[in-house]
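Please read the following account of charged side-chain pairs alongside the sequence and the model.

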Amino acid sequence: MRNKICNDLNNSDIGQSVDLCGWVDRRRDHGGVIFLDLRDHSGFLQLTFNPEDGTDLFNTAEKLRNETVIFVRGVINKRPEESINNNISTGSLELNVKELKILNEVKNNLPFPVSIHDYENTKEELRIKYRYLDLRRGKLIQNLKTRHNILKVVRQYLDQHEFTEVETPLLTKSTPEGARDFLVPSRISKGDFFALPQSPQLFKQLLMVGGLNNYYQIAKCFRDEDLRADRQPEFTQLDMEMSFITEEEIINFNEQLIKKIWKEILNINLKEDFPRMTWQEAIDNYGTDRPDTRYEMTLKDVGNILGNIGFNIFTKAIKSGGSIKCINVKGGNTSISNVRIKPGGDIFQVAQDAGAGGLAFIRVKDNDIDTIGAIKNNLDESLIKQLLQKTNAEEGDLILLGAGKTEIVNQSLDRVRQYIAKELHLVDDVSANKKWNFLWITDFPMFAKNEEENRLEALHHPFCAPKLDLNKKESLQNDLEISTAKAYDLVLNGLEIGGGSIRIHQSELQKKVLKTVGLSNEEIEEKFGFLIEALEMGAPPHGGIAFGLDRIVMLIIGADSIRETIAFPKNQQAKCLMTKAPSNVAKSQLKELDIEITIDE
RNA sequence: GGGACCGUAGUUCAACUGGUUAGAGCACCGCCCUGUCACGGCGGAAGUUGCGGGUUCGAAUCCCGUCGGUCCCGCCA
């Protein structure tokens, strides 16, 4: 249909007749001559229409509107020196159109302007509903191409290392534990349901049992949970599994992969080894298992300094087994007012929303401190000195303290820390010197207590191997419950972008772990019998990792939401605004499945 | 399930502590314009202020409800 695309044109085409196709981006009708920017997937070219080239041609050109789809044939001219447009790559050329065909008309008043020149902040609701128009604006196409390029690097790298890409089922078995499943009814087995996979976890393990050795998949995963800017109901994991492999080997291998991606896509050389931090260190120093290490303000435990000063809230916190911790806001004395940290203030509110009862503060001034009387009256010079030393606080700093149950103190100070970092612009995401703070978190606990249900839950998932000496069988059960796992997460700038573990490859241990999270023998048999059985038939030691591809793309392109990385995303209500899915189905369809809707209309 | 913010022309926004006929840019329609490139000039059409109710002499504005959207908490092994 065409023999050129806009961006391919250069001075060697001057005088040549070319055929082009595309959309009308903008038009400038001077009455006697019409200028029109043609846009195709590659770029722009100015078209000129002259009355001398024919009345029909000119009349048709006058009718063209933005986004009309056209074919043009004409001669490439060099533009007059004074009318060269340096903003586009073909700015020194133009096409003198001799033949024009309208390939498709366009209706009046599109939902929003498409031309990037008219770009305005368009409501995301409209952008998603008319995704094809938003795509045509180009930015999203660029994002999809970046995504494609990342996958290209991944596929090439993994292929070189003899990984095999394998597709695992999308219609699979519902699992207890973990996220809610999306269910798919079976017509042939009436009353039974498939579940869409939350991840290919068990299948990839079984591929290892099958001797595949190195597996990967660009895997669609489904979780029926509430959405966030970085969470969609269907998302993509870069999923990997390896046999006869250690934690150390997996971490090193994947660090190389990540470095390769950053090098190929962003031309950034990440030379240093990614830092590592145990889960406990992360919790102690940052209050979270995905610390943002781009700024300091770490949490300090000051329980032994302030626990006995007679301030009731502090005393109670320590006596009931809790903590007193704090962060030091450098220069906070001037940058943060008392209004913000006292009840009703925004920072106070952040702490309270995270469950904290309150937020105490100490301002450091002239080697003295400024705080509420109940604290100050009970602090002697030695304690103040210890406190300043512990927090590295100096004149002009602001120390914010939380006291109470350790988990609550950690969570609230973590949120306050992040909030203040944002408010004080401690990270600059638009800077050319953007920081890429990768961090491995290791030694996760195997289990965490579910307070509401008073039972243990797997912190990662119940297939992670514990760091235990399995020869000491007598204390296995007790040791197991307090054991750490051979599990690791990769964190980037405070976001979890991947995680994995060495898996359990012995059936007995797997059964013990499933029992520990509260499953009965019958449930284990029914839900995971196939896995246990496979582990009895010569399962090799194995482990792997999965990365959140959408998040990685989001971070690389500098977007605020993974929706910017997905061609047709769903909104926060997990609905597709374009197709209006999910939607009703015909009664006959339900009847065939023996399913009845009982909701009152 | 909960909290916060938002909803005005096709679109992006405006409209003061409630005040008289809800404005502007772009897009659209008509006329003019031969070197523009965010072309320009003149004119025009375009609104159930998401929807329903309430307060008031008077509501885009205040209150209640509802629908839709975004962000967050819970949730997401």
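At 8% relative accessibility, Asp292 is buried in this predicted model, where buried means under 20% relative accessible area, exposed over 50%, and partly exposed in between, with a 1.4 Å probe and protein chains only. Its partner Arg294 is likewise buried, at 12%, and the two side chains form a salt bridge with N and O 2.6 Å apart, a term that denotes a side-chain nitrogen of Lys or Arg within 4 Å of a carboxyl oxygen of Asp or Glu.

The model is predicted, so that local features need pLDDT of at least 70 and side-chain atom pairs count only at pLDDT 80 or more, while totals for chains, interfaces and linings use all residues. Residues are numbered from 1 along each chain as its sequence is written, chains are lettered from A and ligands numbered from 1 in the order in which they are written, and side-chain values use heavy atoms, leaving out hydrogens and water.

Across the whole structure, a search finds 36 salt bridges. One of them pairs Glu99 with Arg73 at 3.6 Å, N to O, and links distant parts of the chain, since Glu99 lies in strand E5 (residues 93-104) and Arg73 in strand E4 (residues 69-78), 26 residues apart; helices (H or I, at least four residues) and strands (E, at least two) are DSSP runs numbered from the N terminus. Glu99 is partly exposed at 31%, as is Arg73 at 33%.

Within helix H17 (residues 507-516), Lys511 and Glu508 are three residues apart, about one turn of the helix, and their closest N and O atoms are 3.4 Å apart in a salt bridge.
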